[in-house]
Amino acid sequence: MGTPADASASASQLGLADVDAIALGRLSQELATAWHGFRRARSGQPDGGEVLEGLLEEGLPEGGVPLTQAIDDAMAVLDSSLAQSRPRFFGFVGGSGLESGVLADALAASFDINMASWSAAATLIEEQAIGWLAAFIGFPAGDGHFTSGGTVSTVSALAAARQRVAPECRALGTGHRRFGIYCSREAHASVGRAAELLGVGSAAVRALPQGPERGVVPRAVAEAIDADRADGSTPLAVVATAGTTLTGAIDPLDALADICAARGVWLHVDGAYGAPAAATRSVAAKFVGLERADSVSLDPHKWLYLPKACGALLIRDPRLLEATFGHEKSYMPDGEELSNAVDRTLEYSRPFRAFKLWLAFRVHGADAFRAAIERNIAHARLLYALVQQHPRLRAVAGPPALSIVPFQHVPEEEGVDLDAHNAGIVRRLQREGRVWVASAVVDGRVTIRPCFVNFRTVDEDVHALIDEVCRG
Ligand SMILES: Cc1ncc(COP(=O)(O)O)c(C=O)c1O
C-alpha cells in the first residue's frame with residue numbers, strides 16, 4: 001500500500017516512485033562504470049553510431065518509453081559526448097566532474113532549493129562555503145556568493161565597482177559619463193562582455209601590454225588610469241588576471257594593488273582559473289597582493305574539480321553587493337530577519353551550487369585539494385621539460401606559471417607553414433580522440449595548448465600527449 005503522497009506521484013505520471021529501485025540501481029551502476037572508465041585513457045572517441053542517429057530522428061515524444069530503455073539511450077549519448085572528466089582531456093580550462101560533487105548535485109537537485117530567497121539551512125551553508133573558499137585562497141571576504149561561472153562573477157564584480165564610483169548609473173544608465181577598465185591583453189573575453197552589458201562599452205577596456213613573464217606592466221596601468229582621468233573618464237576598475245586562459249600568466253597583483261590604492265580605483269582579480277593555486281606551497285608567492293583586492297572571482301568548476309556550473313564571487317565590502325543588486329519587490333518576503341540572496345546577486349533563480357563545494361571540502365579536506373593542484377602544476381612542469389628535451393618540439397610561452405604549456409611541433413622538412421601544421425595536429429588529435437587538446441594563438445603563432453586541471457591525470461597521460469602529438 002502506498003502513502004497518499006505515493007499515490008499523487010503516480011497519478012501525475014511524472015514520478016518514478018514505482019520504479020525507484022530500478023532507477024537508483026541503474027544510476028549507481030552507471031555512475032560506477034563511468035567513474036571507473038574515467039580512471040583509464042580510452043582508445044578513441046565513439047560517435048554514438050546508429051543509436052544516436054535513431055534518437056536524433058525522433059520528434060517530440062508524446063508517450064514515454066520504459067525507463068531502462070531511456071537510460072540505455074542516455075548512456076549512449078553521454079558516452080559519445082566530449083567528457084572533460086577524462087584524464088586526457090587537456091582542452092580549454094577543462095573539468096573533472098569530481099565524484100563527491102556529482103553526488104552533491106544529485107541530492108541538491110532532488111531538493112530543488114531556490115537560492116534566490118532565504119532558504120534556511122541552505123542559505124547558511126552558502127555563507128559558510130563562501131567563508132571556506134575565502135580562507136582557502138587567503139582573501140578577507142566581507143560577502144560573496146556562488147554564480148554560474150567566471151563570466152557572471154566578472155559582470156557582478158564590475159557592477160559593484162560601478163556602484164561604488166557612480167551609484168547614479170543604476171537609475172540613469174551610463175550615457176552621461178565615460179569609464180575606463182584596465183587589464184592585460186591576455187584578459188578573458190568576459191571583461192569586454194561585462195563592459196558591454198554594464199553600458200560601459202567594450203571600447204572602454206584598455207588592453208595593456210605585458211612584461212616578460214606576461215603579467216600586465218604596472219606602469220602602463222598607472223599611465224592609462226591617469227590619462228583617462230585627465231581626459232574626463234572615470235576609472236571603473238583594474239581587472240588583474242591571476243591565471244590567464246591563454247598561458248596561465250599571473251598579473252603583478254601587489255604592484256597593481258599599490259596603483260589602485262594610490263588612485264582609489266577598484267581592483268578585481270579574475271582568478272576564475274588560477275586562484276585556487278594561491279593555496280599551494282609551490283606558487284602561493286605569485287599571488288601576493290590578492291588579499292588586497294576589492295573582489296575576486298574563482299570557479300570551483302575549474303581548478304577545484306567540481307562539476308559545472310559552480311563559480312564564486314568574493315567581495316571585500318559587505319555592503320556593496322546589496323547596494324548593487326538590492327531592489328523593491330512585493331512578491332518576496334522581506335524583513336529584518338530574512339535576507340534574500342536575490343538582493344545581492346545578478347541571478348534570480350539559483351541552484352544550491354554551494355552544496356557541492358561544501359560537501360567536497362567536508363569529504364576530502366582542503367589539503368587533498370592543495371595536493372591535487374600541486375600535482376597538476378607538476379604535470380605542466382613535466383610537460384615543459386619534455387618539450388624542451390624533444391628535438392621536434394618547442395615551448396612558446398616560457399616556463400608555466402601555473403598549469404598551461406603552449407607548444408609547437410616543428411617538422412623535419414623545411415619551409416612548412418608551422419601554424420597550419422600545428423592546427424592540423426590538433427584537428428587530428430581531436431578526430432582520433434585518444435587525447436583531447438585545443439589550439440590557441442600565442443604571440444601570433446598557432447600552438448597546441450594543454451591545460452592541466454584534472455585530478456585524474458597522471459604523469460603517464462603527460463607522456464601520452466607527447467607521443468600522440470609526434471605520432472603523425
Ligand atoms: C581567466 C578566466 N576568466 C573567466 C572565464 C570565464 O569563466 P566561465 O566560462 O565559467 O564563465 C574563464 C574561462 O575559462 C577564464 O579562464
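This report walks through a predicted model of a protein chain with a ligand, from the overall fold to one helix, one glycine and the ligand shell.

**The chain as a whole**

The protein chain holds 17 helices and 11 strands. Its C-alpha trace spans about 75 × 70 × 45 Å along the principal axes. Among contacts with a separation of 6 or more, 73% are accounted for by residues 24 or more positions apart.

**Helix α17**

Let's turn to helix α17, which covers residues 459-471. Its 13 residues reach 19 Å from the first C-alpha to the last, close to the 18 Å expected at 1.5 Å a residue. Which residues of α17 are buried? They are Asp461, Val462, Leu465 and Val469. These four lie on the same side of α17, because they cover an arc of only 105° around the axis.

| Side of α17 | Residues |
|---|---|
| Buried | Asp461, Val462, Leu465, Val469 |
| Exposed, turned away from the buried side | Asp459, Glu460, Asp467, Cys470, Arg471 |

**Gly192**

Another spot to look at is Gly192, found in helix α9, residues 190-197. Is Gly192 buried or exposed? Gly192 counts as buried because 20 other C-beta atoms lie within 10 Å, and the cut-off for that label is 20 or more. Setting aside neighbours within four places in sequence, Gly192 is in contact with Ser202 and Val205. To place Gly192 relative to another part of the chain, take Val458: the two are 266 residues apart along the chain, and their C-alpha atoms are separated by 36 Å.

**Around the ligand**

Finally, the ligand is surrounded by 14 residues. The closest are Gly149, Gly150, Thr151, Thr245 and Ala272. What is the make-up of the shell around the ligand? Its residues divide into 3 nonpolar, 9 polar and 2 charged.

Methods. Residues are numbered from 1 along each chain as its sequence is written. This is a predicted model: local features need pLDDT of at least 70, side-chain atom pairs count only at pLDDT 80 or more; totals for chains, interfaces and linings use all residues. Helices (H or I, at least four residues) and strands (E, at least two) are DSSP runs, numbered from the N terminus. The expected span of a helix is 1.5 Å times one less than its number of residues. A residue is buried if 20 or more other C-beta atoms lie within 10 Å of its own, exposed if 12 or fewer, and partly exposed in between; C-beta atoms are placed from the backbone. The arc is that of the directions from the helix axis to the C-beta atoms. A residue is near a molecule or strand if its C-beta atom, placed from the backbone, lies within 6 Å of it. Ala, Val, Leu, Ile, Met, Phe, Trp, Tyr, Cys and Pro count as nonpolar, Asp, Glu, Lys and Arg as charged, and the others, Gly among them, as polar. Two residues are in contact if their C-beta atoms, placed from the backbone, lie within 7 Å.
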